[in-house]
Amino acid sequence: MTIRRRRVYDADHEALRASVARFLDSGAAERQDLWAAAAEHGFVGLGAPEVDDPRFAAVVLEAAMAAGLPAFALSLAAHDGFALPLLAGRRAATRPAVVDGGDVRLAGGLLRGRAETVVNGMSADLLLVVARTDDGDEHVVLVEAGAVHRAPAEPLLGLEGLDVADCAFDLALDGNDAGNGTVEPIDADLERARASHQLALAVAAVAGARTALDITVAYTRDRKAFGTPIASFGNTRHVLGSLGARIAAVESFVDAALESPSGLSLASAAALRLCATEILGTAVDTGVQLHGGYGYMWEYPIARAYAAARFFRVHDAGEHLQEVLAGAVGL
């Protein structure tokens, strides 16, 4: 049961949702090679510009969050929502990653700096690096992964399966670097790619909020206090009903963006992502509270959702996006 009926998806999208669900229910969610298996089934890469319909990638993101796979969803959002739009029509990569928001500078034909916690960073064969000049301009540089010093980043709470790397750059933009790989500036629509990524993160966050609500509703129906399911208590009903209303409101914002992605500005996408990650935080907070002490036990799904939600609120929420939002309100 949901407060609003979603009309953003058609029969083709729902058929894909059913296929992804069968794939994950078959035990794929437990596989170490989940990414490769998902790619083999055609569930990775649906965010490529030639697909021209972000709803297909959104379906896979929602299915991943519903299955309790936030690390997989974040990897997909970075790959389909950010890297593929930047590559648009250029050479294919098995698993490109994007470095945006790190301290990477471009000066005198040299690319230097560091970036931490790059999603898909260790497995990537190409890195799309957003570098800044001394004048504040931004340039996208395509770098072969072999030319970059990469080290596995520390595991993230609730996202232990997420591929993250710390990267260091000291390269010359002369077409190659000591035979280790190419270093190539490219023309790319960075603003549109950033907007696409924000939308993908928002889709995943709202799906995570819905999942947290479903988990909590099911728990309150089963959990009894004084011989009565806590779902029958007035406070429980009012709190969860209010949460459902707020999720529905943000979900309608997400659905409108999925239906008209070409008109989505970076400011609108950043606002959408902000609202979505905030409601995700509210949903998991509420779930933990209503679970009581069980909400802090790792074997309960709400505890894992609570831990993972924190990264959604800080990931790729850099100063440039805060400035975009400030500018949009006239500052």
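The model is predicted. Its largest nonpolar core has 74 residues, and helix H5 gives the most to that core. The structure holds 4 aromatic pairs and 0 disulfides.

**Nonpolar cores**

- Two or more residues each come from helix H1 (11–25), H2, H3, H4, H5, helix H6 (234–259), H7 and H8.
- The share given by H5 is 13 residues.
- Leu 159 touches Pro 70, Ala 71, Leu 74, Ala 308 and Phe 311, with residues up to four places away in sequence not counted.
- A core of 20 residues lies apart from the largest one, and Val 104, Leu 127, Ala 165 and Phe 169 are among its members.
- As general background, nonpolar side chains in soluble globular proteins tend to be buried together.

- Helix H8 spans residues 301–314, and its buried residues are Ile 302, Ala 303, Ala 307, Ala 308, Ala 309, Phe 311 and Phe 312.
- Two of these, Ala 308 and Phe 311, are also touched by Leu 159.
- The cover over the buried residues of H8 includes helix H3 (54–66), H4, strand S3 (110–119), helix H5 (190–222) and helix H7 (266–291).
- After H8 comes Asp 316, which has a positive phi, near 55 degrees.
- An unreviewed UniProt entry annotates residues 199–314 as "domain: Acyl-CoA dehydrogenase/oxidase C-terminal".
- That span is 78% helix and 3% strand, and its end C-alpha atoms lie 15 Å apart.

**Aromatic pairs**

- Of the 4 aromatic pairs in the structure, one is formed by Trp 35 and Phe 72, in an edge-to-face arrangement with 6.1 Å centre to centre and 85 degrees between the planes.
- Trp 35 belongs to helix H2 (residues 34–40) and Phe 72 to helix H4 (residues 70–87), so this pair ties together parts that are 37 residues apart in sequence.
- Trp 35 is buried because its relative accessibility is 13%, under the 20% cut-off.
- Tyr 294 and Tyr 300 have ring centres 5.2 Å apart and planes at 35 degrees, so their pair is tilted.
- Tyr 294 counts as partly exposed at 28% relative accessibility, and Tyr 300 counts as partly exposed at 24%.
- Ring pairs join Tyr 294 and Tyr 300 with Tyr 219 in a cluster.

**Charges over rings**

- Arg 17 lies over the face of Tyr 9, and the distance to the ring centre is 4.9 Å.
- Arg 310 has its charged end over the ring of Tyr 306, 4.4 Å from the centre of that ring.

**Cysteines**

- The disulfide count is 0, where a disulfide would need a pair of cysteine sulfur atoms within 2.5 Å.
- Cys 167 is buried, since its relative accessible area is 1%.
- Cys 275 has 35% relative accessibility and therefore counts as partly exposed.

Definitions and conventions: Residues are numbered from 1 along each chain as its sequence is written. This is a predicted model: local features need pLDDT of at least 70, side-chain atom pairs count only at pLDDT 80 or more; totals for chains, interfaces and linings use all residues. Side-chain values use heavy atoms; hydrogens and water are left out. Rings of Phe, Tyr and Trp (its six-membered ring) pair if their centres lie within 6.5 Å; planes under 30 degrees apart count as stacked, over 60 as edge-to-face and the rest as tilted. Helices (H or I, at least four residues) and strands (E, at least two) are DSSP runs, numbered from the N terminus. Buried means under 20% relative accessible area, exposed over 50%, partly exposed in between (1.4 Å probe, protein chains only). A charge sits over a ring if NZ of Lys or CZ of Arg is within 6 Å of the ring centre and within 35 degrees of the ring normal. Contact means heavy atoms within 4.5 Å. UniProt positions are given in the numbering used here, feature names are shortened, and annotations may be inferred rather than shown by experiment. A nonpolar core is a set of buried Ala, Val, Leu, Ile, Met, Phe, Trp, Tyr and Cys residues joined through side-chain atoms within 4.5 Å.
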